[in-house]
Amino acid sequence: MQTLIPAPKSFTLRPGVLGLGAPGSAVTVRSDSVAAGSVADWLGQRLTSDHGIRPAMGDDGGPQIQLQILTQADVGSSGFADSPAFCTTIGQEQGYVLEVSQDAAEIAAMSPHGLQNGAAT
């Protein structure tokens, strides 16, 4: 297993794997705002340059990566209110929540910096 740096404040290991496919395959990267879009662009470039996976626009039925920047109200209403990722000022600036299923990875943060940290993971 690879080491994550910095180490996560907390995590819950669940069964399942999100397969992004072989080089040349496509993965859909979605974002909910202009700020999240810049992170989506960065992630798409990294997927292509590091793994040969091309980001797709729209829904091609393949794996999906959803990037979302949360407001304080979103955190309170989404069930993330008690998340260690957002409990401190530094967590709000750099923290993220990453949820992975067999069909999608969802990365949520309260700032573009946190969102890029999650995308880098």
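Which residue in strand 3 is the bridge partner of Val 29? The partner is Ile 65. The report below places this pair in the fold.

## Basis of the report

This is a predicted model, in which local features need pLDDT of at least 70, side-chain atom pairs count only at pLDDT 80 or more, and totals for chains, interfaces and linings use all residues. Residues are numbered from 1 along each chain as its sequence is written, and side-chain values use heavy atoms, with hydrogens and water left out.

## Elements

The protein has four helices and five strands. Both kinds of element are DSSP runs numbered from the N terminus: helices are H or I with at least four residues, strands are E with at least two. Read from the N terminus, their order is β-α-β-β-α-α-β-β-α.

## The sheet

Strands of a sheet pair through backbone hydrogen bonds, either parallel or antiparallel. Here two strands count as paired if DSSP finds at least two bridges between them. The five strands form an open sheet in the order 2-1-3-5-4, and the pairing is mixed. Strand 2 and strand 4 (96-100) are the edge strands, each pairing on one side only. From one strand to the next, the twist averages 25°.

## Parallel pairs

Strand 1 (residues 26-31) runs parallel to strand 2 (residues 54-56), and three bridges join them. Between strand 1 and strand 2 the chain passes through helix 1 (residues 34-51), a β-α-β crossover that is right-handed. Right-handed means that, with the strands pointing away from the viewer, the path from the first strand over the helix to the second runs clockwise. Within this pair of strands, Val 27 has Pro 55 of strand 2 as its bridge partner.

Strand 1 is also parallel to strand 3 (residues 64-69), with four bridges between them. The pair Val 29 and Ile 65 belongs here.

Five bridges link strand 4 to strand 5 (residues 104-109) in the antiparallel sense. Tyr 96 has Ala 109 of strand 5 as its bridge partner.

Helix 4 (residues 112-120) lies across strand 3, strand 4 and strand 5 and runs at about 150° to strand 5. Such angles run from 0 to 180 degrees between N-to-C directions, with axes fitted to C-alpha atoms, for helices over the stretch in contact.

The protein exposes about 7,700 Å² (Shrake-Rupley method, 1.4 Å probe), and carbon and sulfur atoms supply 54% of it.

Among contacts (heavy atoms within 4.5 Å) between residues at least 6 apart in sequence, 62% join residues at least 24 apart.
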